[in-house]
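Here are my comments on the model you sent.

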Amino acid sequence: MSDYFKNTPDGNGMFGEYGGSFIPPELQKEMDQITDAYYAISKSHQFISELRSIRKHFQGRPTPVYFARNLSEECGGRIYLKREDLNHTGAHKLNHCMGEALLAKYLGKKKLIAETGAGQHGVALATAAAYFRLDCEIHMGEVDIAKEHPNVVRMKILGAKVVPVTHGLKTLKEAVDSAFEAYLKDPVNAIYCIGSVVGPHPFPMMVRDFQRVVGVEAREQFFEMTGEMPDNVVACVGGGSNAMGIFSAFLDEPSTSLYGVEPLGRGDQTGDHAATLTYGRPGLLHGFKCYLLQDEQGGPSPVYSIASGLDYPGVGPEHSMLFDKKKVHYKTASDKECLDAFFKLSRKEGIIPALESAHAVAYAMELANAKPRQSILVNLSGRGDKDIDFVVENFGYGEDS
Ligand SMILES: *Cc1c(COP(=O)(O)O)cnc(C)c1O
């Protein structure tokens, strides 16, 4: 197992044939510096113990594993939840943001720069910046700014500067371009902090490593509760960071099946989805190679999901490799299945999940039905407070209200 993490990715940042770094030379110099610093720092006792202390005292880790008794009774099977919704700021994203910001501090950086779509990564990074007394600049499309107002307010309260992006479709892709441009203007004082296991090397590796804490904790907690390993582990996949976090602890477990759940949106017939591994093919995006939903020219297709955090045409290079190797099974959940799971978990367990996480719950419910004797560990990546207004305005209070 330790061999897997030592050798994956390889020295060039490749996960099999995926990943790598396809960026302008001036940016490559910066990435090389970050890579070298990360390799050095990640072995430093001081860095590790500081991160450990942050996780415990600031983030409130470990988050619990919880046996969802009522949901299990309803669906069959035994469904357990890794409660990342109880991590500070309400999702798993703070796990890698605190790591990235700590690295920035060690590198002597003054400013964190990133893009955000729905604002979740922006809020987590603004939180990390406040903790480390770093400046924070979040680039966000004007369309998203209007749509995700509460997160914009949170970022500003936390002291971040929100830069509206006004060109093109004014959403995530333009925000990435804009954030890269800002970073290129000041690479000495600033660092670009990517929000998932995507982007050029070393980000897919670094973000995975920072998220491994989820898997390490969950494996130990699940074993303590049950005396065995889970039969199945389920996580939703946007870029793939929460999934890599929990999968990483079970990759060598022969009796555990791993399931990544992609957003099927309005269904494959319409093309309105973001099920990258299910329907995409290998291509290049944002400086790395991965499976990609693409048009005929190889450009990224417009994608859609009810969960903005899953709305990405690419996917992490490590997932692309694990898909080819069939080490992880990739499934889908539609908007409708997601909403059903959203209300079911809320009503049966008193836990309102993020719409992203509800995709994982939806597939877990299906699996529990099909395999009623088995255990299922779900990574509940975040809480649903951010989604409640949107859900109620568009879908009311669910079917059985
Ligand atoms: C951003 C987000 C995701 C998707 O990101 P991954 O990198 O695929 O984990 C999933 N769940 C929540 C709650 C999120 O905020």
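**Notes on the predicted model**

1. H10 gives the largest share, ten residues.

2. The second largest pocket holds about 820 Å³ of space. Its lining counts 24 residues, and the closest to the pocket centre are Ser42, Ile48, Arg55, Asp209 and Arg212. By class, the lining has eleven nonpolar and eleven charged residues, with two polar ones.

3. Where does the second largest pocket lie relative to domain 1 and domain 2? Both domains give residues to its lining, so the pocket lies between them.

4. Now the domains themselves. Each is built from two stretches of chain: domain 1 is 21–56 + 93–204, and domain 2 is 61–91 + 213–395. The contact takes 24 residues from domain 1 and 26 residues from domain 2. Their C-alpha centres are 23 Å apart.

5. Check two cis peptide bonds. One joins Arg61 and Pro62, with omega about 0°. Pro62 sits in the loop between H3 and strand S3 (65–67). The other cis bond joins His201 and Pro202, with omega about 10°. Pro202 belongs to the loop between strand S8 (190–192) and H10. H10 is the helix that gives ten residues to the pocket lining.

6. Two residues other than glycine have positive phi values. For Thr89, phi is near 75°. For His286, phi is near 45°. Thr89 is in the loop between strand S4 (78–83) and helix H5 (93–106). His286 is in the loop between strand S11 (281–285) and strand S12 (288–292).

7. His286 has a relative accessible area of 23%, so it is partly exposed.

8. Look next at Asp85, which lies in the loop between S4 and H5. Thr89 is placed in the loop between S4 and H5 too. Asp85 has a relative accessible area of 5% and is therefore buried. Its side chain makes a polar contact of 2.8 Å with the side chain of Arg83.

9. Which residues does Asp85 touch, not counting those up to four places away in sequence? They are Gly90, Ile351, Leu380, Ser381, Gly382 and Arg383.

10. Finally, Leu345. This residue is in helix H14 (residues 335–349). Its relative accessible area is 0%, so Leu345 is buried. Leaving aside neighbours within four places in sequence, Leu345 is in contact with Leu71, Leu81, Gly350, Ile351, Pro353, Val361 and Leu380.

11. One distance to check by eye: Leu345 to Arg266. These residues are 79 residues apart along the chain. Their C-alpha atoms are separated by 21 Å.

Notes: Residues numbered from 1 in each chain as written. Predicted model: local features only at pLDDT ≥ 70, side-chain atom pairs only at ≥ 80, totals over all residues. Heavy atoms only, no water. 1 Å grid on protein atoms, 1.4 Å probe; cavity = no way out; pocket = protein on both sides within 12 Å on 5 of 7 lines; lining within 4 Å. Points joined across faces, edges and corners; volume = space filled by probe spheres on them. Helix = DSSP H or I, 4+ residues; strand = E, 2+ residues; numbered from the N terminus. Nonpolar A, V, L, I, M, F, W, Y, C, P; charged D, E, K, R; others polar. Domains from an automatic or database assignment. Buried < 20%, exposed > 50% of the residue type's maximum accessible area, 1.4 Å probe, protein only. Polar contact = N/O pair within 3.5 Å; in protein donor to acceptor, adjacent residues only side chain to side chain. Contact = heavy atoms within 4.5 Å.
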